[in-house]
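Please keep the structure open as you read.

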Amino acid sequence: MRAPVSIVDMICPQNDMSMYQTHQTVRSTQKPDIIILPLDSACASFQDDNGSKKGKQKGKQKANQKEDQKDDTKDGQKRKDHMVKNAKPKPKNLLWKDVLACIEFKRKTPGRTKEIKPPPSSYTVTDYVPTKPEYLPVDHLKVKVPTPGPSQTPATQPVSDIVPVQSSGLTAAQTSKGGSSSERKAADTLESTAKKFKVNTDEPDVTVQTGLYAAEMFAANLAVEYLINFIVVDDVIWTWYYDRQGTVQSSGINFIQDLPRFIVLSVLALQRVKDEDLGTVDLLFHTSHDERVTHYGLQGRATNVVVTSEALTNKYGNFEDGMVAKIFLGKASRTSELEILKKVEKIAKRHATVQDHVPELLWHHTFTNPTSAIREALGVPEPSMGSRVLYVLVFRKFYPITKLHGKDLFDVWRQCIFCHLTLWKEGVHHRDASPGNLMWYWKDGKQIGVLNDYNLSSLADDPGPRGNERTGTVPFIAVDLLTEEGQQGKVEHLHRHDLESFIWCFAWISLRYDNGVLLPQRLCPFDEWATLDTVACGEKKYVFQGRRKLPACSPTNPLMWCFLVACLKVFDAEAYNRRAQQSDSPTEVDELTDTEESASDMYNFLAKFTATQAWATLSSPSLSQ
């Protein structure tokens with residue numbers, strides 16, 4: 001996490017530098033036009049592996065180290081002098097966690113200069129004059145490329161794949177080796193640019209580009225609540241504010257004609273928020289740990305990071321597997337995970353199927369500044385819609401269920417199912433059964449299954465969002481909920497839908513992992529389930545459910561596959577029966593279907609699976625791994 005600074009001490013390094021970041025196993029590459037960094041971070045990017053600065057100062061650093069430490073002011077001046085001397089060399093190892101903001105430049109017309117007015121001789125305070133356009137809609141600034149001639153079109157690619165849709169007439173700035181796009185002459189046409197330089201016709205809209213930079217910054221920083229980026233088109237600049245609720249953009253400001261207003265607003269935008277008092281706590285977040293899990297995107301998702309705490313260790317004892325902190329921005333309109341966990345804890349005291357099978361909350365903090373606050377201050381309509389609140393929850397660390405196979409996998413998975421059923425009957429609806437939420441740990445030599453993550457859960461007596469709100473992880477959502485009617489909220493989310501999700505989890509793990517190890521990408525089935533839209537994913541799953549054909553590259557375990565086939569047959573039979581009932585008693589288009597489910601209905605549906613021979617075999621204590 002970037003460290004707060006007490007004074008404005010930042011610098012813009014050389015533009016168009018490639019920046020890399022690893023998201024679990026995927027490496028991303030971005031090239032923002034300009035990034036704003038703290039001065040210390042900019043200097044660090046010019047150091048070699050031994051911490052020495054490049055150039056002539058490398059040999060002098062050691063000799064002057066003691067003297068520099070005595071005089072902070074002198075050291076600060078040397079750092080600034082160092083940045084001036086190293087203006088031309090390219091920095092290395094630029095990190096997204098250090099980036100304060102990004103600036104992206106575009107032009108309406110390449111080489112445009114005639115319509116840009118020079119700055120006035122003096123500035124006076126005047127009313128704001130709206131620019132044209134006053135606001136930038138997403139998908140507004142497309143790359144505009146002329147239709148290439150035969151010599152420019154690769155024989156293996158049709159012309160239609162090369163020429164993008166022309167929208168507003170604004171084009172992406174083209175960059176030459178000699179400098180930035182603003183230095184190009186007016187005589188350079190798009191056609192000559194395409195001949196001289198490789199044009200990336202797949203370059204996203206500028207608003208999407210800056211959104212991708214914000215996603216990188218969110219992924220790199222643990223508890224950052226908001227980010228700022230800038231878009232410049234000719235002599236007009238727009239400020240874009242990002243948080244987990246969405247984006248807010250300013251109207252355009254002509255930074256040449258309205259320079260004082262631009263400077264004041266820019267300084268306000270880049271101000272750091274006041275730190276929040278967390279009370280007495282000694283949490284140490286291990287942000288570079290291999291097991292850190294981040295999420296790439298702008299919507300509210302959780303970041304899990306390994307944490308240590310002497311105070312929590314003294315209170316709860318030393319956990320062999322350690323502790324983990326879940327940092328996320330939950331919807332303010334939903335019952336918080338913290339409140340749901342309190343009810344789960346009460347249920348666990350009464351039911352053995354839940355006790356030891358749910359996470360124990362060790363420490364928590366709820367931040368007091370919701371994302372709606374800035375929208376209320378700005379007068380944004382419906383500021384509370386989608387508002388989010390930052391939470392930090394600390395738990396003991398568990399093992400993922402994907403590390404298990406065979407009977408061990410089935411045992412832990414089954415424990416989670418019974419825990420889920422009891423919670424549902426007691427009024428806690430989990431609604432997000434997925435492999436990432438099925439965990440386990442050792443206790444007295446036994447593997448104990450844990451139903452984890454209640455961020456998307458709801459309470460039966462909750463007046464807030466109810467059962468027809470769509471939640472879950474797409475590849476594991478029940479097929480009925482992936483239909484158009486399901487996505488429109490016309491199908492009630494019932495317990496049987498979650499039970500179906502458990503079956504899809506079992507299929508995903510048993511057919512994509514071999515003895516707890518993920519198969520190589522070229523061999524992994526169901527990858528497209530995670531990339532298709534909801535309806536298309538549902539159609540793929542429905543076909544797999546009906547065909548019941550073992551994927552060619554999946555590991556062969558006859559008993560596990562036999563169990564999956566039996567489960568898929570149950571799905572098929574149930575789907576047929578529901579279609580028959582619906583055809584006998586058609587409902588109105590807007591009427592919610594499947595709205596009632598009794599406890600006996602839940603047990604009866606589960607019994608269709610537990611009654612299979614494969615379930616009985618896998619449950620047998622005498623079955624070896």
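The mean pLDDT of the chain is 77, and 72% of its residues reach 70 or more; pLDDT is the predictor's confidence in each residue, from 0 to 100. This is a predicted model, in which local features need pLDDT of at least 70 and side-chain atom pairs count only at pLDDT 80 or more, while totals for chains, interfaces and linings use all residues. Residues are numbered from 1 along each chain as its sequence is written, and side-chain values use heavy atoms, with hydrogens and water left out.

Confidence is highest in strand S19 (residues 446–451), at a mean of 97, and lowest in helix H4 (residues 190–196), at 27. Helices (H or I, at least four residues) and strands (E, at least two) are DSSP runs, numbered from the N terminus. Over residues 141–201 pLDDT stays under 50, and the model has 85 contacts beyond four places in sequence for them, a contact being heavy atoms within 4.5 Å. Where pLDDT is low, the predicted coordinates should not be read in detail.

Now to strand S7 (residues 226–233). 8 of its 8 residues are buried, so S7 is largely enclosed by the rest of the structure; buried means under 20% relative accessible area, exposed over 50%, and partly exposed in between (1.4 Å probe, protein chains only). In a regular strand the side chains alternate between the two faces of the sheet. In S7, Tyr226, Ile228, Phe230 and Val232 are buried on one side, and Leu227, Asn229, Ile231 and Val233 on the other.

| Partner of S7 | Sense | Bridges |
|---|---|---|
| S5 (residues 101–107) | parallel | 6 bridges |
| S8 (residues 236–243) | antiparallel | 8 bridges |

Ile228 of S7 is the bridge partner of Ala101, and Leu227 has Tyr242 in S8 as its partner. S7 and S8 form a hairpin with 2 residues between them, and Asp234 in the turn has a positive phi of about 60°.

Which residues of helix H8 are buried? They are Glu337, Leu338, Ile340, Leu341, Val344, Ile347 and Ala348. These residues cover an arc of only 165° around the axis, which puts them on the same side of H8; the arc is that of the directions from the helix axis to the C-beta atoms. What covers them includes strand S13 (323–331) and helix H10 (406–425).

In helix H15, the buried residues are Met602, Phe605, Leu606 and Phe609. They cover an arc of only 95° around the axis, which puts them on the same side of H15.

How values were computed: Pairing = 2+ DSSP bridges.
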